[in-house]
Amino acid sequence: YRYSRIEAQGQRKKGERSITEVGGSANVFVPVYDRYALKPGDIIEGAAVIEESDATILLPDFARAVVQDSYDIIAEIKPAR
């Protein structure tokens with residue numbers, strides 16, 4: 001897998017970006033993560049943006065992303081509280 005060969009240079013969190021929430025009408029600021037700095041076992045709570053060179057993942061506030069051992073990112077709905 002190409003992600004397992006990448007040496008992360010810098011921080012997981014790259015900054016913030018203004019987005020319109022899914023189903024919402026107001027803009028909110030969410031953290032932006034560097035895809036190449038994420039490691040297996042990392043969990044990103046939505047709302048968030050995950051950027052890589054050829055794709056961007058918008059993770060809504062009702063979901064979270066889990067980085068697998070294969071470096072795949074699996075998005076899942078957060079359990080009800």
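# Strands and cores in a predicted model

Me: Which residue stands opposite Ile 74 in E7?
Reply: Val 66 stands opposite Ile 74 in E7. This is a predicted model: local features need pLDDT of at least 70, side-chain atom pairs count only at pLDDT 80 or more, and totals for chains, interfaces and linings use all residues. Residues are numbered from 1 along each chain as its sequence is written, and side-chain values use heavy atoms, with hydrogens and water left out.

Me: How many bridges do E6 and E7 pair over?
Reply: E6 and E7 pair over 5 bridges, in the antiparallel sense. Two strands pair if DSSP finds at least two bridges between them.

Me: What's the order of the open sheet?
Reply: The order is E3-E6-E7, with antiparallel pairing. Strand E3 (43-45) and strand E7 (73-77) stand at the edges. Each has a single partner strand, so one side of each is left without a neighbour in the sheet. The twist averages 20° from one strand to the next. Axes here are lines fitted to C-alpha atoms, for helices over the stretch in contact, and angles run from 0 to 180 degrees between N-to-C directions.

Me: What holds strands together in general?
Reply: Strands of a sheet pair through backbone hydrogen bonds, either parallel or antiparallel.

Me: How many helices and strands in the whole protein?
Reply: The protein has 0 helices and 7 strands. Helices (H or I, at least four residues) and strands (E, at least two) are DSSP runs, numbered from the N terminus.

Me: New topic. Which residues make up the largest nonpolar core?
Reply: There are 9 residues in all, including Tyr 33, Leu 38, Ile 44 and Leu 59. A nonpolar core is a set of buried Ala, Val, Leu, Ile, Met, Phe, Trp, Tyr and Cys residues joined through side-chain atoms within 4.5 Å. Strand E4 (48-52) and strand E6 (63-67) give two or more residues each. E6 gives the largest share, 3 residues. Apart from this core lies another, of 5 residues, among them Ile 19 and Val 32.

Me: And what is Leu 59 in contact with?
Reply: Leaving aside neighbours within four places in sequence, Leu 59 is in contact with residues including Ile 44, Ala 48, Ala 65 and Ala 75. Contact means heavy atoms within 4.5 Å.

Me: Glu 16: buried or exposed?
Reply: Glu 16 counts as exposed because its relative accessibility is 61%. Buried means under 20% relative accessible area, exposed over 50%, partly exposed in between (1.4 Å probe, protein chains only). Glu 16 lies in strand E1 (residues 13-20).

Me: What does Glu 16 touch?
Reply: Not counting residues up to four places away in sequence, Glu 16 touches Phe 29, Val 30, Pro 31 and Val 32. The C-alpha atoms of Glu 16 and Pro 31 are separated by 4.4 Å.
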